[in-house]
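Here are my notes on the model, point by point. Please read them with the structure open beside you.

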Amino acid sequence: QEKSCHLSAALLGEDSEISQDQLYELLKYAALGKCHNAAQPSWCHIYHQSHLAGVVVVVLHEMSQLHFYRFYLQFKHLRKVFRHRFTLAPSANFPISLYGEGTNLKPQNTPQGLTSTSSECITKSSDLQCDPIIRRYGGKKQGLTSYTLTLEEQKKNGYPIEGSPRSKGYISTECDQQRTDSSPLFGLDCEMCLTAKGNEVTRVSLVDAQGQCLLNELVKPESRVVNYFTRFSGVTKKMLLPVKTRLSDIQTRLKKMLPHDAVLVGHSLNFDLQALEMIHPSVIDTSLLFARNEGRKFKLKFLAKAVLGKEIQCEQKLGHDPTEDARAALELAQFFIKQGPTKVAELNLEMLLTAEKLAEVSQNKAALQPKGCGFQEQLNEPPPLSKPCFLDCLQVTGQKPLLLGRQGLDSSGLCQSNLSTSNKQILQRALEDVPLSKFSIIQFSLGPEYLASHLHAGLYEKVRSKLTDMLTIYAGPFEENFCMKSVKKEFGRCGPIQSLTVVTETFQPYVCIQYEVLEAAQLAVESLNGAEVAGSCIKVQRPVTAAMLDCNVLIKELEQDVENEGVIYVAGLKNSLTETDLQEEFSQLKDLETLFLPKDLQSGKHRNCCFLKFQKTQSAVDALEAINGWTMKGSELRSRNALAPGHLWRWIWQMNHSNGKQGKHIFYEKMEQLSDSEQELRKKVKKLDHHIKKLYRSLQNNTLCIVLFPGVN
């Protein structure tokens, strides 16, 4: 199996809040790897970062954790797919926090006024020994056979190989004659579209060593086309309608045209040969020939301009010209062979690229005028120059981030930006463009009419009210002179109690108990309903209100939430027990990964409950059976599956202690308007969830996808 890139972040409770700096660490390392001093994030770990296909950040404009839990049932896909969830500490300047602070674009070691023709770009020979080109090929001129990829290099870079399971059914060019330094070179380039089968060829170009075009043919894909990639390929549906040529015809023609000792040249030629479903034993790949550190690659467009002085893939043209690209790759290989590694290294391509990118950024920034958009206004504020802008770092590596949204997120010119008028348009562009970008930021919005402050205040009150009802249980009836101490003790075994009051409006007394955690209230309903407490057989239930009619559905969905897989709640602990005591007591449980002992966020004292996270779901099931009825230090334990991840637990605590002060005076005045708006809002959120689902399903394997609810502050 290939190594897969994955993220490890097992945090519970108080650790489930991360800062903007921690988010920045994650994005920077994911996008840049070890270059530009990017290090593994301090709070999580990305395994096999070099296998990462891309990074996609979805920003839900002005939506917060409040929206997520108010519309928890509507966010059906979002909560089932994303396994890690964290509270993001508030930031006064969200976009700057996301991109990194500072817009000082000039590296300290960059000469003033550096351009592609500057004499300062020529590197002294004493410095060349560290150049990746010299390290790979040495300094002396060699024949073309020294630059063809070995079989091992072809395997490593995904080339079709004879006998490989991945190349089953592929056609060989049958160019099996021994290569010499005088073997003929041929430039090859293909344009592809996305079909139900994967990438398929839509156009093929072949040029000979003199740059003469031997083949420039449109090809009809076998499967239904999902995306023509017209902006890049130049191929449209209309162009392919009359085309009769199929892939098998092209394979036959190439076999006839190529001599038996032909050497194919191309830029990332592995993709072209895979799409052609052909195997060729001798290739020169210019993306590897012009070597860079840490596996990075120069783009063909940059190499053509820096080495050959030619402009290709111009923005004025619709799509790439495969003949132009094939010829450029061929000429680059011929230049390298003729001049030798030392001359190529002396061009100092890395410095030229840096200079080009920084010049482009500076021009864009100078040309842009503020447009009054909220995000733009924030980015135009002069931030502190404490660390390089995240997008600058991406620019220097040759990556231009993709930015899609209704708002003008980026005012720096660092991104390929596209403003759309609706979420649907944004989604369509994302489906086309995200697969072609290494770093994308996609911004969806509910629209200004749904983000007004009075609606936000009303939502807050509704969520607070519903959570309070879910944390509350009524128990009774009791005898007139029942023992309150016994009731408090029995219900306290289910978890920490926020308040306990006697209900006197009824014929016989009842008690109203509000817990601090959802699990405690649910445990009380499940274990004490119908039980005998303080000498009475009682009924235990939650408040009956319109908002609570779907409570059981919500509890079930929370229990099945991916974040709660393998996590159980344990109550009935003595307050004197320390975390070390608990680690020791629970050490016999199989596959125990993490123990979280909640604290009162004001007093810092431990509560009488804890959460246990297990490496395997079955181990959590077994632990539940073992713990229920277990006596620890004279106290009987009760347990159940977890309902509230750490970030929700913290949020509930804050809500409980805010006493609903946020916006109550507005809430009652605007209730009727909120009710109508919320119905529409539910539909909007459901559709938004569907958009995220479609975008997520279109992503390549090994893509890091982050969804942000940045809130209004």
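**Notes on backbone, charges and cysteines**

1. Start with Ser 268, which sits in the loop between strand E11 (263–266) and H10. Keep in mind that this is a predicted model. The phi of Ser 268 is near 55°, a positive value in a residue other than glycine. Is Ser 268 buried or exposed? Ser 268 counts as buried because its relative accessible area is 15%, and the cut-off for buried is under 20%.

2. Lys 633 also belongs on the backbone list. Its phi is positive, about 55°, although Lys 633 is not a glycine. The residue lies in the loop between strand E26 (631–632) and strand E27 (635–636). Lys 633 is exposed, with a relative accessible area of 52%; the cut-off for exposed is over 50%.

3. Check the peptide bond between Gly 476 and Pro 477. This bond is cis, with omega about 0°. Pro 477 is placed in the loop between strand E17 (472–476) and helix H20 (484–492).

4. Now the salt bridges. How many are there by the rule used? The count comes to 21. Side chains of opposite charge can pair when their charged atoms come close. The next points take some of these pairs in turn.

5. Glu 277 and Lys 197 meet through their side chains in a salt bridge, at 2.8 Å from N to O. This pair links distant parts of the chain, 80 residues apart. Glu 277 is in the loop between helix H10 (269–276) and strand E12 (278–279). Lys 197 is in the loop between strand E7 (185–195) and strand E8 (199–207). Lys 197 is exposed, at a relative accessible area of 51%.

6. Glu 217 pairs with Arg 253 in a salt bridge, and their closest N and O atoms are 2.9 Å apart. Here too, the pair links distant parts of the chain, 36 residues apart. Glu 217 belongs to strand E9 (residues 213–218), and Arg 253 to helix H9 (residues 247–257). Which side of the cut-off does Glu 217 fall on, buried or exposed? Glu 217 is buried, with a relative accessible area of 19%. Arg 253 counts as partly exposed, at 34% relative accessibility.

7. Glu 311 forms a salt bridge with Lys 305, with the closest N and O atoms 3.7 Å apart. That pair counts because the cut-off for a salt bridge is within 4 Å. Glu 311 is partly exposed, with a relative accessible area of 46%. Lys 305 is partly exposed as well, at 41% relative accessibility.

8. One network deserves a look. Arg 231, Arg 429 and Asp 433 are linked in a network of salt bridges.

9. Turn to the surface. Lys 424, Lys 684, Lys 687 and Lys 694 gather there in a patch of positive charge. Which element gives the patch its largest share? That element is helix H26 (residues 664–698), with three residues. Lys 684 has its place in helix H26. Lys 684 is partly exposed, with a relative accessible area of 32%.

10. Last, the cysteines. The disulfide count comes to zero. Cys 193 is buried, with a relative accessible area of 0%. Cys 512 also counts as buried, at 17% relative accessibility.

Technical notes: Residues numbered from 1 in each chain as written. Predicted model: local features only at pLDDT ≥ 70, side-chain atom pairs only at ≥ 80, totals over all residues. Heavy atoms only, no water. Patch = residues over 30% accessible without salt bridge, like charges linked within 9 Å, V, L, I, M, F, W, Y side chains within 5 Å. Areas by Shrake-Rupley, 256 points an atom, 1.4 Å probe, with all protein chains shown as cover. Lys, Arg positive; Asp, Glu negative; His and termini not counted. Charge placed at Lys NZ, Arg CZ, Asp CG, Glu CD. Helix = DSSP H or I, 4+ residues; strand = E, 2+ residues; numbered from the N terminus. Buried < 20%, exposed > 50% of the residue type's maximum accessible area, 1.4 Å probe, protein only. Disulfide = S-S within 2.5 Å.
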